[in-house]
Amino acid sequence: MSDDHGNDQPKHELSYYAKRIYAMRDLLVEKGVITEKDIQCQIEYQEARTPANGAKLVAKAWVDPAFKARFIADPKAACAEIGIDATALNEFVVLENTPKVRHMVVCTLCSCYPRPILGRPPDWYKSFNYRQRSVADPRGVMREFGLELADDIEVRVHDSTADIRYIVMPLRPAGTQGWREEDLAKLVTRDSMIGVMEALPGLPD
Amino acid sequence: MTPATGRFKTGDRVIVKFEDRPGHLRTPWYIRGKSGWIERVYGDFLNPELLAFGRDGLPKRTLYLVAFDYGEVFGKPQGPKDKVLVDIYDHWLEPLA
(Lines give C-alpha, C1' and ligand atoms only; values in the text may rest on other atoms or scores of the structure.)
Protein backbone atom coordinates (compact mmCIF):
# COMPACT_ATOMS: atom_id res chain seq x y z
CA MET A 1 0.00 0.00 0.00
CA SER A 2 1.45 3.31 -1.07
CA ASP A 3 1.18 6.04 1.51
CA ASP A 4 2.17 8.91 -0.78
CA HIS A 5 -1.37 9.99 -1.39
CA GLY A 6 -3.18 8.77 1.72
CA ASN A 7 -5.34 11.77 2.27
CA ASP A 8 -4.94 13.85 -0.87
CA GLN A 9 -8.26 15.01 -2.09
CA PRO A 10 -9.34 13.84 -5.53
CA LYS A 11 -8.58 16.33 -8.32
CA HIS A 12 -12.05 16.25 -9.88
CA GLU A 13 -14.93 18.45 -8.74
CA LEU A 14 -16.29 17.35 -5.35
CA SER A 15 -19.97 17.11 -4.53
CA TYR A 16 -21.43 19.04 -1.63
CA TYR A 17 -21.43 15.98 0.64
CA ALA A 18 -17.92 14.93 -0.36
CA LYS A 19 -16.64 18.40 0.52
CA ARG A 20 -18.41 18.20 3.86
CA ILE A 21 -16.91 14.76 4.61
CA TYR A 22 -13.36 15.91 3.77
CA ALA A 23 -13.84 19.01 5.94
CA MET A 24 -15.01 16.90 8.88
CA ARG A 25 -12.16 14.45 8.43
CA ASP A 26 -9.61 17.25 8.37
CA LEU A 27 -11.07 18.80 11.50
CA LEU A 28 -11.14 15.49 13.40
CA VAL A 29 -7.50 14.88 12.54
CA GLU A 30 -6.48 18.47 13.28
CA LYS A 31 -8.14 18.33 16.71
CA GLY A 32 -6.54 14.97 17.49
CA VAL A 33 -9.81 13.04 17.82
CA ILE A 34 -8.60 10.47 15.28
CA THR A 35 -5.38 10.04 13.33
CA GLU A 36 -4.82 9.52 9.63
CA LYS A 37 -3.60 6.05 10.51
CA ASP A 38 -6.93 5.29 12.23
CA ILE A 39 -8.73 6.24 9.03
CA GLN A 40 -6.47 4.08 6.86
CA CYS A 41 -6.86 1.10 9.23
CA GLN A 42 -10.62 1.48 9.15
CA ILE A 43 -10.63 1.55 5.33
CA GLU A 44 -8.54 -1.61 5.25
CA TYR A 45 -10.82 -3.27 7.80
CA GLN A 46 -13.92 -2.40 5.76
CA GLU A 47 -12.34 -3.68 2.54
CA ALA A 48 -11.17 -6.93 4.14
CA ARG A 49 -14.71 -8.07 4.88
CA THR A 50 -16.25 -9.78 1.88
CA PRO A 51 -19.19 -12.03 0.94
CA ALA A 52 -16.75 -14.96 1.20
CA ASN A 53 -17.55 -14.99 4.93
CA GLY A 54 -21.26 -15.46 4.28
CA ALA A 55 -20.58 -18.06 1.58
CA LYS A 56 -18.45 -20.07 4.00
CA LEU A 57 -21.25 -20.05 6.59
CA VAL A 58 -23.90 -21.10 4.07
CA ALA A 59 -21.78 -23.86 2.51
CA LYS A 60 -20.99 -25.29 5.94
CA ALA A 61 -24.67 -25.17 6.88
CA TRP A 62 -25.52 -27.07 3.67
CA VAL A 63 -23.19 -29.96 4.48
CA ASP A 64 -23.50 -30.04 8.27
CA PRO A 65 -27.07 -30.12 9.68
CA ALA A 66 -25.86 -29.66 13.26
CA PHE A 67 -23.94 -26.52 12.24
CA LYS A 68 -27.00 -25.27 10.33
CA ALA A 69 -29.11 -25.60 13.48
CA ARG A 70 -26.51 -23.63 15.46
CA PHE A 71 -26.18 -21.02 12.68
CA ILE A 72 -29.94 -20.38 12.79
CA ALA A 73 -30.20 -20.48 16.60
CA ASP A 74 -27.16 -18.29 17.35
CA PRO A 75 -25.55 -16.83 14.21
CA LYS A 76 -22.83 -14.92 16.05
CA ALA A 77 -21.66 -18.01 17.92
CA ALA A 78 -21.63 -19.94 14.63
CA CYS A 79 -19.43 -17.21 13.10
CA ALA A 80 -17.00 -17.41 16.01
CA GLU A 81 -16.88 -21.19 15.66
CA ILE A 82 -15.41 -20.95 12.15
CA GLY A 83 -13.23 -17.93 12.77
CA ILE A 84 -15.40 -15.12 11.38
CA ASP A 85 -15.36 -11.97 13.48
CA ALA A 86 -18.99 -10.87 13.71
CA THR A 87 -18.63 -9.15 17.06
CA ALA A 88 -19.10 -5.73 15.47
CA LEU A 89 -22.33 -6.85 13.86
CA ASN A 90 -25.73 -5.87 15.19
CA GLU A 91 -27.85 -8.86 16.04
CA PHE A 92 -28.35 -10.88 12.92
CA VAL A 93 -30.91 -13.38 11.77
CA VAL A 94 -30.65 -16.16 9.19
CA LEU A 95 -33.57 -16.48 6.77
CA GLU A 96 -33.65 -20.01 5.42
CA ASN A 97 -35.09 -20.44 1.94
CA THR A 98 -37.12 -23.57 1.24
CA PRO A 99 -38.75 -24.89 -1.94
CA LYS A 100 -41.93 -23.09 -0.84
CA VAL A 101 -40.49 -19.90 0.73
CA ARG A 102 -38.00 -17.32 -0.59
CA HIS A 103 -36.65 -14.34 1.32
CA MET A 104 -35.36 -11.02 0.04
CA VAL A 105 -33.72 -8.27 2.10
CA VAL A 106 -33.80 -4.49 1.73
CA CYS A 107 -33.39 -1.47 3.96
CA THR A 108 -35.89 1.07 2.65
CA LEU A 109 -34.69 3.76 5.07
CA CYS A 110 -30.96 3.67 4.30
CA SER A 111 -28.60 0.79 3.56
CA CYS A 112 -28.49 -1.48 6.65
CA TYR A 113 -26.54 -4.56 5.68
CA PRO A 114 -24.66 -7.34 7.53
CA ARG A 115 -21.20 -6.00 6.65
CA PRO A 116 -19.02 -8.36 8.72
CA ILE A 117 -20.37 -11.33 6.78
CA LEU A 118 -21.22 -9.75 3.41
CA GLY A 119 -18.77 -6.86 3.14
CA ARG A 120 -19.88 -3.55 1.69
CA PRO A 121 -23.33 -3.43 0.11
CA PRO A 122 -23.47 -3.18 -3.69
CA ASP A 123 -24.42 0.26 -5.04
CA TRP A 124 -27.76 -1.00 -6.32
CA TYR A 125 -28.71 -2.09 -2.79
CA LYS A 126 -28.44 1.55 -1.71
CA SER A 127 -30.27 2.98 -4.74
CA PHE A 128 -33.73 4.56 -4.42
CA ASN A 129 -34.83 2.28 -7.24
CA TYR A 130 -34.12 -0.94 -5.32
CA ARG A 131 -35.31 0.46 -2.00
CA GLN A 132 -38.69 1.39 -3.49
CA ARG A 133 -39.28 -1.49 -5.85
CA SER A 134 -38.03 -4.34 -3.66
CA VAL A 135 -41.00 -3.86 -1.34
CA ALA A 136 -43.56 -2.72 -3.91
CA ASP A 137 -42.67 -5.24 -6.63
CA PRO A 138 -40.28 -7.91 -5.30
CA ARG A 139 -41.14 -10.42 -8.00
CA GLY A 140 -40.41 -7.81 -10.66
CA VAL A 141 -37.00 -7.12 -9.10
CA MET A 142 -36.21 -10.85 -8.86
CA ARG A 143 -37.19 -11.26 -12.51
CA GLU A 144 -34.58 -8.64 -13.45
CA PHE A 145 -31.99 -10.76 -11.64
CA GLY A 146 -33.14 -13.75 -13.68
CA LEU A 147 -35.30 -15.38 -11.01
CA GLU A 148 -38.84 -16.29 -12.01
CA LEU A 149 -40.86 -17.78 -9.13
CA ALA A 150 -44.14 -19.69 -9.33
CA ASP A 151 -47.15 -17.91 -7.78
CA ASP A 152 -47.59 -20.49 -5.04
CA ILE A 153 -44.10 -19.81 -3.64
CA GLU A 154 -44.25 -17.42 -0.70
CA VAL A 155 -42.00 -14.37 -1.14
CA ARG A 156 -41.07 -12.72 2.15
CA VAL A 157 -39.50 -9.28 1.82
CA HIS A 158 -37.63 -8.19 4.94
CA ASP A 159 -37.23 -4.46 5.45
CA SER A 160 -34.32 -4.25 7.90
CA THR A 161 -34.95 -0.79 9.28
CA ALA A 162 -33.87 -1.28 12.89
CA ASP A 163 -31.40 -3.29 14.99
CA ILE A 164 -31.51 -6.63 13.17
CA ARG A 165 -29.43 -7.52 10.10
CA TYR A 166 -30.48 -10.36 7.82
CA ILE A 167 -28.70 -12.92 5.69
CA VAL A 168 -30.57 -15.26 3.35
CA MET A 169 -29.54 -18.92 3.27
CA PRO A 170 -30.22 -19.87 -0.35
CA LEU A 171 -31.31 -23.36 -1.38
CA ARG A 172 -28.52 -25.80 -2.07
CA PRO A 173 -28.42 -26.29 -5.85
CA ALA A 174 -29.52 -29.63 -7.26
CA GLY A 175 -26.78 -32.00 -8.37
CA THR A 176 -24.25 -31.00 -5.71
CA GLN A 177 -24.43 -34.11 -3.55
CA GLY A 178 -21.00 -35.07 -2.33
CA TRP A 179 -19.44 -31.71 -3.21
CA ARG A 180 -16.73 -30.38 -0.94
CA GLU A 181 -17.59 -27.42 1.25
CA GLU A 182 -15.01 -25.17 -0.48
CA ASP A 183 -16.54 -25.89 -3.89
CA LEU A 184 -20.08 -25.31 -2.62
CA ALA A 185 -19.02 -21.95 -1.18
CA LYS A 186 -18.16 -20.78 -4.73
CA LEU A 187 -21.84 -21.16 -5.67
CA VAL A 188 -23.03 -18.88 -2.86
CA THR A 189 -23.04 -15.42 -4.39
CA ARG A 190 -23.51 -12.15 -2.58
CA ASP A 191 -26.81 -11.59 -4.41
CA SER A 192 -28.11 -15.01 -3.35
CA MET A 193 -27.52 -14.00 0.29
CA ILE A 194 -29.47 -10.75 -0.27
CA GLY A 195 -32.13 -12.98 -1.78
CA VAL A 196 -32.59 -11.47 -5.23
CA MET A 197 -31.38 -14.64 -6.93
CA GLU A 198 -30.65 -18.31 -6.28
CA ALA A 199 -27.20 -19.75 -5.59
CA LEU A 200 -25.34 -20.57 -8.81
CA PRO A 201 -26.29 -23.89 -10.41
CA GLY A 202 -24.03 -26.85 -9.69
CA LEU A 203 -23.10 -27.52 -13.28
CA PRO A 204 -21.11 -30.63 -14.05
CA ASP A 205 -17.49 -30.00 -15.10
CA MET B 1 -30.51 -7.33 22.88
CA THR B 2 -32.12 -8.15 26.22
CA PRO B 3 -35.26 -10.25 26.82
CA ALA B 4 -38.49 -8.70 25.60
CA THR B 5 -40.68 -6.81 28.06
CA GLY B 6 -43.10 -5.34 25.51
CA ARG B 7 -46.86 -5.62 25.20
CA PHE B 8 -47.22 -8.04 22.33
CA LYS B 9 -46.70 -11.74 21.64
CA THR B 10 -46.36 -13.75 18.45
CA GLY B 11 -49.63 -13.83 16.52
CA ASP B 12 -51.10 -10.63 18.01
CA ARG B 13 -52.83 -8.36 15.50
CA VAL B 14 -51.41 -4.84 15.52
CA ILE B 15 -51.79 -1.54 13.72
CA VAL B 16 -48.86 0.80 13.11
CA LYS B 17 -49.37 4.33 14.42
CA PHE B 18 -49.82 7.00 11.80
CA GLU B 19 -47.53 9.63 13.24
CA ASP B 20 -44.95 12.02 11.98
CA ARG B 21 -42.46 14.17 13.81
CA PRO B 22 -38.92 15.30 13.14
CA GLY B 23 -36.21 12.87 14.16
CA HIS B 24 -34.51 9.56 13.47
CA LEU B 25 -37.66 7.47 12.98
CA ARG B 26 -37.12 3.84 12.01
CA THR B 27 -40.71 3.14 10.95
CA PRO B 28 -41.04 3.42 7.16
CA TRP B 29 -43.89 5.55 5.78
CA TYR B 30 -45.51 2.83 3.69
CA ILE B 31 -46.65 0.80 6.70
CA ARG B 32 -47.78 3.67 8.95
CA GLY B 33 -51.51 3.22 9.61
CA LYS B 34 -51.40 -0.34 8.22
CA SER B 35 -52.38 -3.46 10.12
CA GLY B 36 -50.48 -6.71 10.39
CA TRP B 37 -49.47 -9.24 12.99
CA ILE B 38 -46.50 -10.03 15.23
CA GLU B 39 -44.44 -12.66 13.46
CA ARG B 40 -41.60 -12.78 15.96
CA VAL B 41 -40.59 -11.02 19.18
CA TYR B 42 -36.90 -10.09 19.07
CA GLY B 43 -36.09 -8.43 22.39
CA ASP B 44 -35.39 -5.05 23.95
CA PHE B 45 -33.07 -2.48 22.40
CA LEU B 46 -31.94 1.03 23.22
CA ASN B 47 -34.29 3.43 21.46
CA PRO B 48 -32.60 4.64 18.24
CA GLU B 49 -34.79 7.74 18.16
CA LEU B 50 -32.86 8.92 21.24
CA LEU B 51 -29.45 7.38 20.48
CA ALA B 52 -29.32 9.35 17.23
CA PHE B 53 -29.22 12.58 19.21
CA GLY B 54 -26.53 11.52 21.67
CA ARG B 55 -28.97 10.56 24.43
CA ASP B 56 -28.97 7.35 26.48
CA GLY B 57 -31.69 5.51 24.53
CA LEU B 58 -33.60 4.63 27.71
CA PRO B 59 -36.11 3.24 28.32
CA LYS B 60 -35.38 0.30 26.03
CA ARG B 61 -38.04 -0.61 23.48
CA THR B 62 -39.11 -4.08 22.42
CA LEU B 63 -38.45 -4.80 18.75
CA TYR B 64 -40.83 -7.04 16.79
CA LEU B 65 -40.88 -8.55 13.35
CA VAL B 66 -44.26 -7.45 12.03
CA ALA B 67 -45.80 -9.10 8.95
CA PHE B 68 -48.13 -7.43 6.46
CA ASP B 69 -50.11 -8.79 3.54
CA TYR B 70 -49.50 -7.17 0.18
CA GLY B 71 -53.16 -6.24 -0.27
CA GLU B 72 -53.11 -4.31 3.02
CA VAL B 73 -49.96 -2.34 2.25
CA PHE B 74 -50.08 -1.74 -1.48
CA GLY B 75 -53.74 -2.36 -2.29
CA LYS B 76 -52.87 -5.16 -4.67
CA PRO B 77 -51.47 -8.62 -4.09
CA GLN B 78 -48.20 -9.96 -5.42
CA GLY B 79 -48.17 -13.75 -5.13
CA PRO B 80 -51.12 -14.91 -2.99
CA LYS B 81 -48.86 -15.81 -0.04
CA ASP B 82 -46.33 -12.97 -0.33
CA LYS B 83 -45.61 -10.75 2.66
CA VAL B 84 -43.67 -7.66 3.68
CA LEU B 85 -41.95 -7.99 7.06
CA VAL B 86 -40.71 -4.93 8.91
CA ASP B 87 -38.85 -4.55 12.22
CA ILE B 88 -40.91 -2.20 14.41
CA TYR B 89 -40.49 -0.97 17.99
CA ASP B 90 -43.25 -1.38 20.58
CA HIS B 91 -44.10 2.32 20.88
CA TRP B 92 -45.09 2.46 17.20
CA LEU B 93 -47.73 -0.27 17.57
CA GLU B 94 -51.27 -0.42 18.90
CA PRO B 95 -53.30 -3.57 19.56
CA LEU B 96 -55.94 -4.39 16.97
CA ALA B 97 -59.05 -6.13 18.26
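B:Val14 has B:Gly36 of β2(B) as its bridge partner. The model is predicted; local features need pLDDT of at least 70, side-chain atom pairs count only at pLDDT 80 or more, and totals for chains, interfaces and linings use all residues. Residues are numbered from 1 along each chain as its sequence is written, while chains are lettered from A and ligands numbered from 1 in the order in which they are written.

Strands here are DSSP runs of E of at least two residues, and helices are runs of H or I of at least four, numbered from the N terminus. Two strands pair if DSSP finds at least two bridges between them. The pairings are tabulated below.

| Strands | Sense | Bridges |
|---|---|---|
| β1(B) (13-16) and β2(B) (35-45) | antiparallel | three bridges |
| β2(B) and β3(B) (61-69) | antiparallel | seven bridges |
| β3(A) and β4(B) (83-89) | parallel | four bridges |

B:Asp44 stands opposite B:Thr62 in β3(B).

The interface puts 20 residues of chain A in contact with 20 residues of chain B. Contact requires C-beta atoms, placed from the backbone, within 7 Å. On the chain A side, α8 (128-136), α9 (138-144) and β3 (154-159) each give two or more residues. β3(A) gives the most, with six residues. By class, this side holds nine nonpolar, four polar and seven charged residues. Nonpolar covers Ala, Val, Leu, Ile, Met, Phe, Trp, Tyr, Cys and Pro; charged covers Asp, Glu, Lys and Arg; the others, Gly among them, are polar.

Confidence comes last. Chain B averages a pLDDT of 94, and 100% of its residues score at least 70. pLDDT is the predictor's confidence in each residue, from 0 to 100. The complex gets an ipTM of 0.95 and a pTM of 0.89 from the predictor.

Conventions
Two residues are in contact if their C-beta atoms, placed from the backbone, lie within 7 Å.
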